[in-house]
Every structure is written in C-alpha cells, then in structure tokens.
Amino acid sequence: MDVELNVTYLVFGGHVEVHKYGFLYFLIMFIVYILILCINSTIVCVIWIHKKLHEPMYIFIAALLVNSVLFSTVIYPKLLIDFLSEEQIISLTACICQCFLFYSLGGAEFLLLTAMAYDRYVSICKPLKYSTIMSKTTVIVLLALAWLVPSTQVAASLILESRSKVCRSTLSGIFCNVSISGLFCELSKFKTLKDLIILLNIALLPGLFILFTYSRILIISYKSGREVRKKAAQTCLPHLIILVNYTCLCVFDVIIAGHESDLPKTVRFIMTLQVVLYHPLLNPIIYGLKMKEITKHLKRLFCPDKLK
C-alpha cells in the first residue's frame, strides 16, 4: 500500500544529465527567454502606441502575446534556476501554483485563438455588422472569459486533487504539469470526469467552433471576389499556423502525460521542452511578419531611414 509522506519539497526527476550540461541548458533557455520577452513586448507596445491598431483583431493579438509572456514567465525562471542548481526541487505549494498557472494560461491561449477566429468570421462573413457585433464591450467580455474560464476550472480541479494524501516526492517532469497527479496516493473518483469537462470546455468545444468559423470563411471566400479571398488569406493564415502549432504542442503534453512510463527519459525531456520552447517565440514572429499593419509599424520603428 502507498504510505502517506510529510512532503515539504518535491524533486524534479525529468532532467537529463543536468550536472554535466546544466550551463549549456541555461544559456540556451536564457537566450530564448530574453527573445520571448523582447519580441512579444515590442509588438504589444506597437499595438498599444498606434491608435490605428486599436481594433479587435490587433487587441486579441496583443492579448495573445501578453499571455505568451506570462506563460513563459511561469516556466522559464524556475527552469533557469534548476539548471544551475545542485538539486532540482520545489515546494508542494509552489508546484501546485505553477501547475495552475501553466494550464490556466495554456487554456487561455486556446480561448483567445477561438475569439480571434470569431473576430475573423464576423469580419469576413458579416462585414456590414462587424462594428456592431465586435463592439468594445464584446471584446472585453471575450478577453475576460478567455482568462477566467480556464483559471476557475483548473483551480477547482487542483483544489480537489490537492486534498488527497501525498505518497511520492519525485516528479517525472522538469516543471509542474499534469505529472503532479502521480504524487497523490489516491485520486478523487471524479478526477477523470473533471478532466474531461475541462478538456471539453477549454479545447474540444472551442476547437469545433474554430473549425466551423474557418469552414464558413473558406466557403464565403470561395464564393466572393479576389479581394475577399486576399483579405481572408492575409488575416486568417497566421491564425491557422499558430492554431496548428499550438494544437500539436497540446497533443505533445497529452502524450507525455499518458505514456510517461513508456517513453525514454531523454525523449520525455525533449518533448517537454518543445511544449515551452518554440510557441512563445512563434506567435510574435508569425504576427510580425504576416500581419501587414504590424509589419509596417515595425519597419518604421527599426528602419526609419530606409522608409525615408
């Protein structure tokens, strides 16, 4: 039988030769983190400063980039400390908090992408009603829901889960994600149901809605003129690239959680890093390069002489 432990600190057991390559890991992750902060913040500032960009589409992009910075800040500082530490440990309370923020902000990303898909749907399929439907109030409500819905559901699940007895003190990962469930002796009978409800509300239903909106956009664009197709391609393609990339990362997280015991430690380590490494950098790069208005203002900021 599992024996309850009086756990003060948890050990991250997912690192691979951290004592040998810790400084190299630190250097790579530190550079990536600085790039994430600088690139995302630059585009958010550009959107904030220029009033022409104070439109729903750009506000959602800014919210997505802010979310990326927050998501990275939940993971990177602790990882950087661990790479240079002799022991990779964390308190149980801090681990639960990190897990909460990881999945709350991860869920918020999916709902923000859903809000952006809805914005594009209204813009292309109902252009005459766009200003009425996508009012300032609508944007605020969508932003609030995108952050509040995941946080309340994840918090409720973690509170119920944390009441269970702790029988293990070693996590299989390198930060606190779903692997925290493996610490508890006996999980709630309703855990699977809770997880399915969260998955349904945060990923599956929004995913189906996104598929509906983009299928409608595709049909309308196909039936309309060249200008409509061009507008759809310019504004929807970046969203689709980000969506596909983020969905793949979510699948990675599910695979790691479901087959953690079957995966070699090195494979698990690499797959875990994929979840946090590329996506926060991809968001600003895609939107900075593909969104014409943002690109124009970035060129004015960094290459004013060439424009003259």
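User: Where is lysine 126 placed?
Analyst: Lysine 126 sits in the loop between α3 (92–125) and α4 (130–133). Helices (H or I, at least four residues) and strands (E, at least two) are DSSP runs, numbered from the N terminus. The model is predicted: local features need pLDDT of at least 70, side-chain atom pairs count only at pLDDT 80 or more, and totals for chains, interfaces and linings use all residues. Residues are numbered from 1 along each chain as its sequence is written, and side-chain values use heavy atoms, with hydrogens and water left out.

User: Why does lysine 126 count as partly exposed?
Analyst: Because its relative accessibility is 37%. Buried means under 20% relative accessible area, exposed over 50%, and partly exposed in between (1.4 Å probe, protein chains only).

User: Switching topic. How many disulfides does the structure hold?
Analyst: It holds 1 disulfide, meaning a pair of cysteine sulfur atoms within 2.5 Å. Cysteine 95 is joined to cysteine 176, S to S 2.0 Å.

User: Which parts does that pair tie together?
Analyst: Cysteine 95 lies in helix α3, and cysteine 176 in the loop between β3 (170–171) and α6 (191–223), so the linked parts are 81 residues apart in sequence.

User: Why is the disulfide left-handed?
Analyst: Because the torsion about the S-S bond of cysteine 95 and cysteine 176 is about -115°.

User: Are those two cysteines buried or exposed?
Analyst: Cysteine 95 and cysteine 176 are both buried.

User: What about cysteine 45?
Analyst: Cysteine 45 is partly exposed, at 43% relative accessible area. Cysteine 125 is buried, at 19%.
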